[in-house]
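Grab a pencil and work through these exercises with the model open beside you. Try each task before you read its solution.

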Amino acid sequence: MKKLLITLSLILGATPILAENIDVTGTVQSRCTVNVDTPGMYGNPNAYTLTTASASSGVDPIVRFDVTLADAYHAQVSYPTAFTSSPSLPDTVSWVGTVAVAQMSTSDQSGYQAASTTSGSMRQYALAHAGTLWVKATSIATYGGGQAKAFPGGAYKAVVLAQCIAQ
Amino acid sequence: MYRSVALCLLLCSSVLGHEMTPTYPEWQVSYSGGIKKTTMRLWNSREDVQYYEIGVFDDEWKPIPFVTSYKIMKVDYLSQVKFDVYIRETNIKDARYICSLSKLRSDNVSKTLLATRICSKFKAAWEL
Amino acid sequence: MQLRLWVLWLLLFCSSSTLANYIFGYTPNAASNGLSWGMNQSYLGQYGIGGMDISGVIYTYNPIKLLEDDFVVTVENDRVGGGFVFQDTEDWSQKYGGRIKKVIPLAYTPIAVFGDGRIRTSGIGTIEDASVQYIYRFDACFDPQSDPNCPGYVKPKPPKLPDIPDYDALQDESVKIAQQETDKDLLEDDEKSEEDEEEEEDEEEMEWLLASTENAIAMANGIAQASILKSMNIATNITNYYIAIIPDSYYPETVALQGGEVVDNRRALRSLSQDNLMNQMIEEQYK
């Protein structure tokens with residue numbers, strides 16, 4: 001038994017311990033990330049209307065802005081004012097839309113909507129606080145210039161532009 | 001605390017995002033006289049986007065001539081790209097924003113597409 | 001000796017790491033039935049038992065308030081033994097309302113540490129659409145006996161066999177009764193009554209057979225007749241009756257009143273009074 005214990009301690013003592021320090025580096029810096037929370041979808045409640053309203057089987061697009069530094073960025077979201085791809089449309093298409101804050105990660109952001117500014121279809125928010133902001137856009141397209149003409153059959157695509165501009 | 005909150009949100013939810021840093025890049029000396037460069041990092045977590053277009057603009061959003069390896073660069077899903085942007089020294093005082101814009105593809109479903117653009121800013125001398 | 005050394009070597013340096021069998025996920029909304037909840041299965045779902053470690057809280061709500069009102073909302077969980085596991089406050093005073101969504105990261109904390117949770121408000125305002133979800137990992141082997149593959153599982157002992165008393169068939173009263181001699185008279189009577197019953201049944205069956213045979217003929221005749229009638233009806237073409245034109249002729253009126261006026265018949269007037277008398281006589285029987 002004694003010999004066994006001595007042998008054991010020798011084994012333990014003789015074993016080399018291999019170790020190495022590996023550095024993991026990174027930096028924390030101001031950043032703005034624009035995410036697609038919900039991609040939108042047009043519903044077709046009648047022949048002359050395309051809308052993202054949920055009551056008409058559409059889906060409102062939602063963008064998420066993550067910022068890590070206060071007062072570093074403006075968030076700008078624009079609802080569509082033209083189709084990027086569609087069948088040939090000889091008549092006029094009228095566009096209506098809204099942009100509004102849907103959700104926030106801190107109560108300090110509750111004043112963003114009231115303090116936002118608009119320029120045409122674009123609404124700008126000054127991201128005065130770090131955190132996450134969800135912005136929802138709605139879009140309605142009507143064909144025929146008030147005469148309710150039916151949209152030709154085919155695929156329609158319009159773009160919501162979400163921008164994060166450094167202040 | 002907010003950074004950890006933001007990070008957790010990124011990890012905890014389905015992420016379809018786009019990010020470009022640094023927020024305030026600076027011009028550096030390049031290999032050639034009369035040319036300055038800056039290095040940007042672009043991260044893509046949008047599965048539906050593989051290409052981003054780079055642009056340099058002045059205060060009034062007019063384009064400024066510049067050179068990168070690719071003006072429309074391919075950035076795979078969940079990967080990042082570092083790229084250098086070169087401009088003439090004479091344009092530096094006008095260059096205000098450097099932006100990356102997602103390039104979207106079409107398919108057969110009627111939907112709204114979400115284009116994302118992130119712009120970093122070159123601070124003017126009076127802002128430094 | 002050498003063998004013992006090798007065994008020791010293996011025991012010391014071949015460490016076996018037991019990897020816990022974790023299930024990761026989110027609980028259902030703990031605030032679905034009110035603004036306070038307990039940390040148990042009825043609020044947290046099937047994994048809301050020992051073995052759940054919570055690593056974060058995701059909450060969202062929509063405060064309804066006026067800009068000028070003071071309103072403070074706190075989301076918190078008690079800690080068993082005193083204090084709070086976490087407490088997160090949002091001060092909406094002098095601010096607009098607006099839907100909020102926050103994530104509170106925690107180190108993996110066993111559910112046993114958590115007391116009741118709640119959303120507490122103070123000031124003027126209400127909250128709606130509240131949702132509180134816990135991010136968790138669940139150790140399926142927290143109770144080793146839950147799965148034979150869990151480390152520490154002890155195979156349960158087999159159940160104790162019931163005591164079966166000794167049984168002597170020769171002492172059983174039922175066996176003794178069964179061994180008694182059978183009364184043959186009873187058997188014969190039974191057999192006779194069974195024979196009678198069988199004969200009656202046979203007769204009845206014969207009657208049924210004969211009846212059904214006769215009925216079969218009648219039924220067959222009826223069926224044959226019906227089919228003949230049907231075929232006759234099909235053959236009959238009654239279209240002609242619909243389109244037939246019945247010739248007719250005009251019979252002019254021959255009786256004509258030759259001028260003058262029609263006067264009352266005085267004789268009829270006399271009979272009217274007689275009729276009246278008749279009616280009175282009939283009515284008399286009802287008085």
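Helices (H or I, at least four residues) and strands (E, at least two) are DSSP runs, numbered from the N terminus. This is a predicted model, where local features need pLDDT of at least 70, side-chain atom pairs count only at pLDDT 80 or more, and totals for chains, interfaces and linings use all residues. Residues are numbered from 1 along each chain as its sequence is written, while chains are lettered from A and ligands numbered from 1 in the order in which they are written.

**Exercise 1.** Find where A:S57 sits, and decide whether A:S57 is buried, partly exposed or exposed.

Step 1: Look in the loop between strand 3 and strand 4 (62-67) of chain A; that's the place of A:S57.
Step 2: Recall the cut-offs: a residue is buried if 20 or more other C-beta atoms (placed from the backbone) lie within 10 Å of its own, exposed if 12 or fewer, and partly exposed in between.
Step 3: A:S57 has 13 C-beta neighbours inside 10 Å, so it counts as partly exposed.
Step 4: Check the backbone too: phi of A:S57 is near 65°, a positive value in a residue other than glycine. Most residues other than glycine have a negative phi.

**Exercise 2.** Work out which elements of chain B have the lowest and the highest mean pLDDT.

Step 1: pLDDT is the predictor's confidence in each residue, from 0 to 100.
Step 2: Chain B has 1 helix and 8 strands to go through.
Step 3: Over residues 1-13 of chain B the pLDDT is below 50. Where pLDDT is low, the predicted coordinates should not be read in detail.

**Exercise 3.** Describe the surroundings of A:A47.

Step 1: A:A47 belongs to the loop between strand 2 (43-46) and strand 3 (49-51) of chain A.
Step 2: Two residues are in contact if their C-beta atoms, placed from the backbone, lie within 7 Å.
Step 3: Leaving out residues up to four places away in sequence, A:A47 touches A:A150 and A:F151.
Step 4: A:A47 has 13 C-beta neighbours inside 10 Å, so call A:A47 partly exposed.
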